Amino acid sequence: MSSTIAVVGASLAGLSAARALREQSYDGRIVVVGDEVHAPYDRPPLSKEFLAGTASLEDIALGAPDDEDLGLEWRLHTTAVGLDHPSRSVLLHDGSTIRADGVVLATGARARRLPGSEGLDGVHVLRSLDDAIALREDLAAAGRLVVIGAGFIGAEVAATARTLGLEVTVVETQPVPLAGPLGADMGVVCAGLHADHGTRLLLGTGVAGLVGTGRVEAVELTDGTRLPADVVVVGIGAVPNIGWLARSGVALGNGVLTDARCATNIPGVVAVGDCAATWSAAAERHVRIEHWTNALEQPATAVATLLGAGGPAPTPVPYFWSDQYGARIQFAGSRREGDVARVVEGSCADRSFLVVYERDGRPVAVLGMNQPRLFTRWRRQLRAAVPAGS
Amino acid sequence: MIPVCPTTALPPGEATRIEADEPIAVFNVDGEFYAIDDTCTHQDASLADGWLDGCSVECPLHASCFDLRTGKVSGPPAKTPVRTHRVVVQDGMVYVQPGTTGDGVA
Ligand SMILES: Cc1cc2nc3c(=O)[nH]c(=O)nc-3n(C[C@H](O)[C@H](O)[C@H](O)COP(=O)(O)OP(=O)(O)OC[C@H]3O[C@@H](n4cnc5c(N)ncnc54)[C@H](O)[C@@H]3O)c2cc1C
Ligand SMILES: NC(=O)c1ccc[n+]([C@@H]2O[C@H](COP(=O)([O-])OP(=O)(O)OC[C@H]3O[C@@H](n4cnc5c(N)ncnc54)[C@H](O)[C@@H]3O)[C@@H](O)[C@H]2O)c1
Ligand code: FES
């Protein structure tokens, strides 16, 4: 009997894993399980072009014509509820099971919700296509938007809403937005885009609660201020979808714990993308990367592991981009507290610059705003500089 | 034909973007000139800003690679090829003839 590999999660990481299996000559059965009704689609446009109405559903489809030849068995609108590891079976919500020789965990992450926001119309999170469609409809009829959280979702949604003509206020608990990924200095620079484009940004401010009956009317801050709102978007982070694995024996932390080659503690089970906390030798801890390029590239490693191919652990240079108010922000590398950010081209005031982060005088990360060509060269240089197996 | 620049202004390994109905990217690969549509077929990125590796260019945003000779895309996320355009070098000047394919696809 031919073997079966089950891929759980039918988004970027899951589809990339299925493609990688065929690329690496696996010719058995591949079953892809996904709980959404939609065929795989791309999430980044959901806060950008799709929300603005300039990209269609067809534009954001992840599937390519060649995928027809992969011979995948799709089980969409199907939720995995458990993994039985002795028989390596994926248990489905309808009571059926998929017996597999290998399992790829690619269930991604979901939006963290604001406690007390349940059942109030006009309050949105943004993770799925359905979320984006609902938000787009609501924004079309709204005048005032309050965004809670000035992370990636917050900044991108605020920017898109401004182009749609809304009055926008962003509320953030931290004193500086994006300080985690970019460092405080560069967080301040990027946050400056909000003011440039007429978005009000309130920093160091907590949310006490949402006001309204049936539909949201205002956001109340911890200092008592009430911000009137027709629509509220909550962008306060993402949580990995790992609850369904709670009793599976798969080791979990802030995500599915894996080694540097994506293997979990259970033989024949690998994890990739937003749900995976992958061991990083450089960081000396498990790191869960919540960005697109990781979900695209990591599955090749996971699949090689699953198929028993050896080889050194990859040493990726993490990369993400963000589009805000027409500015293209790109970041690559691994930044830590204490790294020194140095402007090597352009100027922050002009919103066109390249910044290199240095540790002990060596470049470890690079950030560009509206500098794609130079950024690409630096990103290459960082990749070339990472010693294999480190 | 659209004049691009003198050959000396576009050394090997370099690329430039010219405005046409659709912007066009022109590359010099070891002395051979190639022209393709500048805008990536995936999303909004300029391929002239990409990474040139032999006869292919890697998109600066999501790394799909396009063959400069044929316009073909190597892999996701882009799904469709870019158009190629004919390049003519005359008296030390590089020209592009938009809408006429280069050597590869007809
Ligand atoms: C609005 C938005 C904008 C973004 N913009 C950018 C950007 O500009 N740049 C960037 O680098 N990154 C961006 N990202 C992040 C990027 O989209 C993610 O890193 C990427 O989608 C991760 O892919 P994944 O396949 O690992 O997980 P996901 O895309 O989260 O997919 C997981 C899939 O598994 C399904 N699933 C979950 N549990 C189960 C279950 N038990 N059974 C079956 N199916 C299940 C989920 O419904 C989902 O379909 C953005 C994300 C969002 C939401
Ligand atoms: N360009 C990109 O790479 C991109 C774009 C959109 C989304 N994403 C991904 O989507 C996921 C969700 O994005 P996100 O922006 O929600 O997460 P995030 O972690 O980037 O930002 C969350 C922000 O909310 C703030 N916050 C938390 N609790 C708060 C509260 N109660 N009140 C006010 N502020 C609060 C945090 O301090 C932080 O600044 C992440 O995985 C992110 O990486 C990425
Ligand atoms: S814009 Fe070129 S690959 Fe996405």
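How do the residues of the shell around ligand 2 divide into nonpolar, polar and charged? They divide into 7 nonpolar, 8 polar and 4 charged, where Ala, Val, Leu, Ile, Met, Phe, Trp, Tyr, Cys and Pro count as nonpolar, Asp, Glu, Lys and Arg as charged, and the others, Gly among them, as polar.

Before I go on, please keep in mind that this is a predicted model, in which local features need pLDDT of at least 70 and side-chain atom pairs count only at pLDDT 80 or more, while totals for chains, interfaces and linings use all residues. Residues are numbered from 1 along each chain as its sequence is written, chains are lettered from A and ligands numbered from 1 in the order in which they are written, and side-chain values use heavy atoms, with hydrogens and water left out.

Let me stay with ligand 2. It is surrounded by 19 residues, and the closest are A:Ile153, A:Glu172, A:Gly237, A:Glu290 and A:Trp321; a residue is counted here if one of its heavy atoms lies within 4 Å of the molecule. As for polar contacts (pairs of N or O atoms within 3.5 Å), one oxygen atom of ligand 2 is 2.6 Å from an N or O atom in the side chain of A:Glu172, and an oxygen atom of this ligand is 2.8 Å from a polar backbone atom of A:Ile153. A nitrogen atom of ligand 2, in turn, is 2.8 Å from a polar backbone atom of A:Trp321. Of the 840 Å² of accessible area that ligand 2 has on its own, the protein covers 78%, with areas taken from the Shrake-Rupley method with a 1.4 Å probe. The elements giving two or more residues to this shell are α4 (152–163) and β23 (319–324) of chain A, and the largest share, 3 residues, comes from α4(A); helices (H or I, at least four residues) and strands (E, at least two) are DSSP runs, numbered from the N terminus.

Now to ligand 1, which 33 residues surround, the closest being A:Ser11, A:Asp35, A:Glu36, A:Arg43 and A:Lys48. A nitrogen atom of ligand 1 is 2.9 Å from a polar backbone atom of A:Ala80, and a backbone N or O atom of A:Trp321 lies 3.0 Å from a nitrogen atom of ligand 1. The protein covers 93% of the 1,000 Å² of accessible area that ligand 1 has on its own.

Note on methods
A polar contact is a pair of N or O atoms within 3.5 Å; within protein, one must be able to donate a hydrogen and the other to accept it, and residues adjacent in sequence count only if both atoms are side-chain atoms.
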